[in-house]
Amino acid sequence: MSVRGKLLDYRAIIKLATKHSKGEFNEVDEALILFAGLAYFSAHELSLIKVEDLITDRGLIVIDGVLPASFSATGKERYFFIGDNTYLSDTIFKVIEWRLKNKHGCLDRSLFAGLDPKSKFFLKDNGKGYALNYKNRFEGDTVTQPLQMQRKFKSFYFPEGVTLTTLQNSFIENVWAVRSRDGTFQAIRDLVGLTGLSKETLRTKCIREKASIQDVLENLYK
């Protein structure tokens, strides 16, 4: 994959996330890393997604869904997949338990697993959501940046070359490695829906140069 930075296979992403579930970090931090690396969530999306986007009123985990264009910095809606009995669904349960234990944005009834459906799903340690900051400080400005979420990712203990961006690129590469076996056209089409990126951008990202995906992944963490 022709991108800078270190790419991780899904096992390495899970291992990295697990290391951030204890000590100075917690279950929310683990979930943030997994959502970036296993579901292509951007800093904007992680800052904006609400409880009702991931949990039904009956307290069930949403298996898949569509994020609105307003959530994305690219201005395009995209499909996301959580699945049933997956690492992503497990980490959602962990965040629910963390929030209930710390009484962050809770209801007095069992709807939406006991959480306020309109509250941001990913919260800071103090129970507040991650805010978006206006790019330019003047009246009427509508361009925002997820600076707080970006700073959060910079606080994680990542190996050299690993960032939020490379976690997202790892998602693209891992999907490509599997789906391209059934044909490159369908693989690109799937990735368009999963990332919101254009076909041209994805073709550029998925071009093989000197190393195959197997070579790249085999050299990780050596």
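1. Helices α1 and α2. Helix α1 (residues 10–18) and α2 have axes that come within 8 Å of each other and cross at roughly 165°. That angle is over 145 degrees, so α1 is roughly antiparallel to α2. The crossing of α1 past α2 is right-handed. On the α1 side, the contact is made by Y10, I13, I14, L16, A17 and T18. On the α2 side, E30, I33, L34, G37 and L38 take part. Sorted by class, this contact has 8 nonpolar, 2 polar and 1 charged residues. The model described here is predicted, and the points below should be read with that in mind.

2. Overall make-up. How many helices and strands does the protein have? There are 10 helices and 4 strands. Along the sequence they follow the pattern α-α-α-α-β-β-α-β-β-α-α-α-α-α. The protein has 222 residues, and 47% of them count as buried. Among contacts with a separation of 6 or more, 59% are between residues 24 or more positions apart.

3. Helices α2 and α5. Besides its contact with α1, α2 meets α5. The axes of α2 and α5 come within 9 Å and cross at roughly 155°. This again is over 145 degrees, which means that α2 is roughly antiparallel to α5. The crossing of α2 and α5 is left-handed, whereas that of α1 and α2 is right-handed. From α2, the residues in contact are E27, V28, E30, A31, L34, F35, L38 and A39. From α5, they are Y87, L88, T91, I92, K94, V95 and W98. By class, the contact has 11 nonpolar, 1 polar and 3 charged residues.

4. I96 lies in helix α5. Is I96 buried or exposed? Its relative accessibility is 6%, and the cut-off for buried is under 20%, so I96 counts as buried. Setting aside neighbours within four places in sequence, I96 is in contact with I55, I61, A113, L115 and F121. I96 and V28 are 68 residues apart in sequence, yet 9.3 Å apart in space when taken from C-alpha to C-alpha.

5. Two residues with positive phi. N85 has a positive phi of about 60°, although N85 is not a glycine. Where does N85 lie? N85 is in the loop between β2 (78–81) and α5 (87–102). N85 counts as exposed because its relative accessibility is 68%, and the cut-off for exposed is over 50%. K103, which is also not a glycine, has a positive phi near 55°. K103 is found in the loop between α5 and β3. With 70% relative accessibility, K103 counts as exposed.

6. Which residues of helix α6 (residues 147–154) are buried? They are Q148, M149, K152 and F153. Viewed down the axis of α6, these buried residues fall within an arc of 140°, so they line one face of the helix. The general rule behind this is that an α-helix has 3.6 residues a turn, so residues three or four places apart point the same way. On the other side of α6, R151 and K154 are exposed. A reader may note that K152 is buried, whereas K154 is exposed. The buried residues of α6 pack against α2 (27–39), α3 (43–48), β3 (133–134) and α7 (164–179).

7. Helices α7 and α8. α7, one of the elements that α6 packs against, also packs with helix α8 (residues 184–195). The angle between α7 and α8 is about 150°, and their axes are 9 Å apart. The crossing of α7 and α8 is right-handed. From α7, the contact involves F171, I172, V175, W176 and R179. From α8, it involves T184, Q186, A187, I188, D190, L191, L194 and T195. By class, there are 8 nonpolar, 3 polar and 2 charged residues in this contact.

Notes. Residues are numbered from 1 along each chain as its sequence is written. This is a predicted model: local features need pLDDT of at least 70, side-chain atom pairs count only at pLDDT 80 or more; totals for chains, interfaces and linings use all residues. Side-chain values use heavy atoms; hydrogens and water are left out. Buried means under 20% relative accessible area, exposed over 50%, partly exposed in between (1.4 Å probe, protein chains only). The arc is that of the directions from the helix axis to the C-beta atoms. Contact means heavy atoms within 4.5 Å. Axes are lines fitted to C-alpha atoms, for helices over the stretch in contact, and angles run from 0 to 180 degrees between N-to-C directions. Angles under 35 degrees count as roughly parallel, over 145 as roughly antiparallel, 65 to 115 as roughly perpendicular and the rest as oblique. A crossing is left-handed if the near helix is turned anticlockwise from the far one by less than a right angle, and right-handed if clockwise. Ala, Val, Leu, Ile, Met, Phe, Trp, Tyr, Cys and Pro count as nonpolar, Asp, Glu, Lys and Arg as charged, and the others, Gly among them, as polar.
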